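Let's take a walk through a protein chain together. Keep the picture open and look up each residue as it comes along.

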Amino acid sequence: MMGTVLPNEKEYINDLLLYFLSKDVKKIITLLENIAIRTNIPDYKKLEQDLYQLLEGVSNTAIQNIKLGDTLSQFKVVLYENQIIIPHYLYMLIRGIILIEGVGLKLDPEFNITENLEPYTAKILRKRFSLKYLFKKNLNRIKNINALADTLPDDINTILKKIKEGKLEIVHEHKGLKEFQTATSKAVNRLVFAVIIAALSIGSSLLVMAKMPPLINGIPVLGAIGFVLSALLGFYIVISIFRNNQL
């Protein structure tokens, strides 16, 4: 099983390692959103708490007792529970580190992968603060700004042309609109039933008061039927409300 890591992906991995060491949870979350193929984080506070607990567990353990494989497995669980899907290469890398640690422990029970990673983290930090790295990074930023400046006039002209021709489309998504429509529809249905019940009750009362034939034991049949229907509809509305608003 093999995978390829691109230069920009190596930068992400370096950042992730440094943020883990510094326990910077907020930057870890931002980086995960940049790396992830897809995210649907239901609760950012929960994700922040999960990552903080994971990092606290590592920091409270002596370095010789840290099992990086276990930590990375817990990290994968945190990602899964918070609906963060990371790229395949990152899963491959995590799996590779877990296998390396397992082989290392078989060869040397005193082997600790965390201690062996320390020289590499120091190397990353030296590289990050080197003049060559800073110059190259800022140079790339200047190139990106220049590229944006070159394409910006054409992009603006394209947008203006679409506006003039009436071809500009704006996609707007209403979140929660479907639930609102459902709730409104239920409320309108109940209101209609209430109006019908009120009309039946009033009409039946008028029939009873007017003693409109046909009569049974002096009671107008149509009025009695109206009262029965009103009662049945009223019970139906009450039951539907108690059944989790299914009307």
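## A tour of the chain

Q83 sits in the loop between α4 and β2 (84-85); helices (H or I, at least four residues) and strands (E, at least two) are DSSP runs, numbered from the N terminus. Q83 is partly exposed, with a relative accessible area of 37%. Here, buried means under 20% relative accessible area, exposed means over 50%, and partly exposed is in between (1.4 Å probe, protein chains only). The phi of Q83 is near 55°, a positive value in a residue that isn't glycine. Most residues other than glycine have a negative phi.

Before going on, a word on where this comes from. This is a predicted model, in which local features need pLDDT of at least 70 and side-chain atom pairs count only at pLDDT 80 or more, while totals for chains, interfaces and linings use all residues. Residues are numbered from 1 along each chain as its sequence is written, and side-chain values use heavy atoms, with hydrogens and water left out.

**The overall plan.** The protein chain has nine helices and four strands. Starting at the N terminus, its elements run α-α-β-α-α-β-α-α-α-α-β-β-α. Of its 247 residues, 22% count as buried.

**The core.** Which residues touch the most other members of the largest nonpolar core? They are F20, I28, L47, L51, F75 and I84, out of 23 residues in that core. A nonpolar core is a set of buried Ala, Val, Leu, Ile, Met, Phe, Trp, Tyr and Cys residues joined through side-chain atoms within 4.5 Å. Helices α1 (7-22), α2 (25-35), α3 (44-59), α4 (68-81) and α5 (88-107) each supply at least two residues of this core, and α2 gives the most, with six. Take L51: leaving aside its neighbours within four places in sequence, L51 is in contact (heavy atoms within 4.5 Å) with V25, I28, I29, F75 and V78.

| α2 | V25, I28, I29, L31, L32 and I35 | 165° |

The arc is that of the directions from the helix axis to the C-beta atoms. In α2 the buried residues fall within 165°, so they line one face of the helix. On the other side of α2, K26 and N34 are exposed.

**Checking helix lengths.** The expected span of a helix is 1.5 Å times one less than its number of residues. Helix α9 (residues 221-242) has 22 residues and reaches 32 Å from its first C-alpha to its last, close to the 32 Å expected. Helix α7 (residues 131-165) has 35 residues and should span 51 Å, which agrees with the 51 Å between its end C-alpha atoms. There's a kink of about 35° at T151 in α7, shortly before the proline P153; the bend at a residue is the angle between axes fitted to the seven residues ending there and the seven starting there. Just after α7, G166 takes a positive phi of about 70°.

**One last stop.** L17 is in helix α1. Is L17 buried or partly exposed? At 28% relative accessibility, L17 counts as partly exposed. Leaving aside neighbours within four places in sequence, L17 is in contact with T121 and I124.
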